Amino acid sequence: MNLSSFISSLKNFEKTRDKNHFQEYSLGCFENVLAEFRLFARIDSTRISIVGTNGKGSTAHYLSKIGNKFFSNIGLYTSPHLIHRNERIVLQNDTITDEWIEKWMESLDKQKLKLLESLSFFEFYTLIAIQFFESSNSKFQIYEAGLGGRLDATKLAYSDYLVITMIGLDHEAILGNTKEKILIEKLGITTDKTKKIFYILQEEKLNSIVEQFGKQNNIHCIAFSMDPRLDYLENNFLYSKFILSEILGKKIEVDITTIDPPKARIEMLSENPLVIFDTAHNPEAVKHLLESCEIKFKTKVWKVIVAVLKDKNLEEILDILNKNDSISEILLVKSDEFQLTEKKFSKLKIIESIPRITENTICFGSFRLYEKVIKQLKDNY
């Protein structure tokens, strides 16, 4: 079994960004595959689904890290990955291995192997996550949605709790061109197994949509209020602690300093010069990132290295950066996979590779930028 070749053969819509695929997509085929693998027969576990535009990854991270103090064998499924695809599936801090996946696939008959060939990359990894957690007797499982909710493969985890993070405009061609439409699409991940919905207080119209949805579907909704004095990571940590306190029915006393921070979320890659990496890739996430850096690092002037995929609102992101007094220069990475602009911005410079970093720099955007920045920093020294 050549696992890399098999995975390369699967349709990967994270890479192709094919919006037409989602217009015709249904969960029926994937549901049939899960049934063939008997993955609807659940163990006595607690499952959480996470949806939202911004903050899903860090909230999932903190839920698992805090949860590790109260549960054994916590399963965490996230996407996309930073460097290796197996980062998506973690059990009690240990990442799944190719060897485990290969051994499991080698135990299957030809009919089931054929079924796997019909899956997309995301469906395959969702199935592997459920199989891995169930076979490992995981009592607490966290599933971060890939894109939306109603048609997301993780919906078929049939989670007990839904966690909604910040809602913003992203993937409008697939999810809708307003925050309200996007929120409704994400609420569609609920099933008859959903007991509670946790959500962050935002605009009143969004709050009302969640509460009305809860009433219509007999699901209890619990709101959380962000603290504007804190950076977004601190807020997502407190949100995660709040959620687990509600689920466990007791107050949780855990300090953020005792928890390893998530990768690529205001991650300090270097102290001198100060180099920060973040996966912010839409205008609202960029605003939150800049606000968080101002809170966390006070008054610093930054260079910015940015790269986003071709379905993002690059010009609005550049406009935010160009108007920010703390940004001295914007370096936009030119690549076949990243988006460029013909619009002129006074601080903007196009680069074909990551330069030697000698000044305080915020690097952000696509997950695919992370490895390039890491490599350059290694070359720096």
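Helix 5 contributes four residues to the lining of the second largest pocket, the most of any contributor. This is a predicted model, in which local features need pLDDT of at least 70, side-chain atom pairs count only at pLDDT 80 or more, and totals for chains, interfaces and linings use all residues. Residues are numbered from 1 along each chain as its sequence is written, and side-chain values use heavy atoms, with hydrogens and water left out. Helices (H or I, at least four residues) and strands (E, at least two) are DSSP runs numbered from the N terminus.

**Second largest pocket**

- The second largest pocket holds about 600 Å³ of space. Its lining has 27 residues, and those closest to the centre are His 61, Thr 78, Glu 87, Val 90 and Lys 263.
- Helix 5 and strand 2 each supply at least two residues of this lining.
- A pocket is found on a 1 Å grid over the protein atoms alone, as an open set of points where a 1.4 Å probe fits, with protein on both sides within 12 Å along at least five of seven lines; lining residues have an atom within 4 Å of a point. The volume is the space filled by probe spheres set on the points, which are joined across faces, edges and corners.

- Eight strands make an open sheet with mixed pairing, in the order 4-3-2-5-1-6-7-8. Strand 4 (94–95) and strand 8 (220–224) are at the edges with a single partner strand each, so one side of each has no neighbour in the sheet.
- Strand 1 (residues 46–51) pairs with strand 5 (residues 140–144) in the parallel sense over five bridges, and Ile 48 has Ile 142 as its bridge partner in strand 5. Two strands count as paired if DSSP finds at least two bridges between them.
- Helix 5 (residues 56–67) packs on this sheet and touches strand 1, strand 2, strand 5 and strand 6 (161–164), with its direction at about 160 degrees to that of strand 1. Contact means heavy atoms within 4.5 Å; axes are lines fitted to C-alpha atoms, for helices over the stretch in contact, and angles run from 0 to 180 degrees between N-to-C directions.
- Strand 2 and strand 5 run parallel and are joined by four bridges; Ile 74 has Phe 140 as its bridge partner in strand 5.
- Five of the five residues of strand 5 are buried, a term for under 20% relative accessible area, with exposed meaning over 50% and partly exposed in between (1.4 Å probe, protein chains only).
- Phe 140, Ile 142 and Glu 144 point one way from strand 5, while Gln 141 and Tyr 143 point the other way. In a regular strand the side chains alternate between the two faces of the sheet.

- Strand 10 (residues 275–278) and strand 14 (residues 361–365) run parallel and are joined by four bridges. Ile 276 stands opposite Ile 362 in strand 14.

**Arg 85 and the loop between strands 2 and 3**

- Arg 85 sits in the loop between strand 2 (74–77) and strand 3 (89–91). With a relative accessible area of 14%, Arg 85 is buried.
- The side chains of Arg 85 and Asp 98 make a polar contact at 3.1 Å. A polar contact is a pair of N or O atoms within 3.5 Å; within protein, one must be able to donate a hydrogen and the other to accept it, and residues adjacent in sequence count only if both atoms are side-chain atoms.
- Beyond its neighbours within four places in sequence, Arg 85 is in contact with Leu 3, Ser 4, Ile 7, Asp 98, Phe 121 and Tyr 125.
- Pro 80 is also in the loop between strand 2 and strand 3, and the peptide bond from Ser 79 to Pro 80 is cis, with omega near -10 degrees.

**Other backbone features**

- Most residues other than glycine have a negative phi, and most peptide bonds are trans.
- Asn 73, in the loop between helix 5 and strand 2, has a positive phi of about 55 degrees.
- Asn 93, in the loop between strand 3 and strand 4, has phi near 80 degrees.
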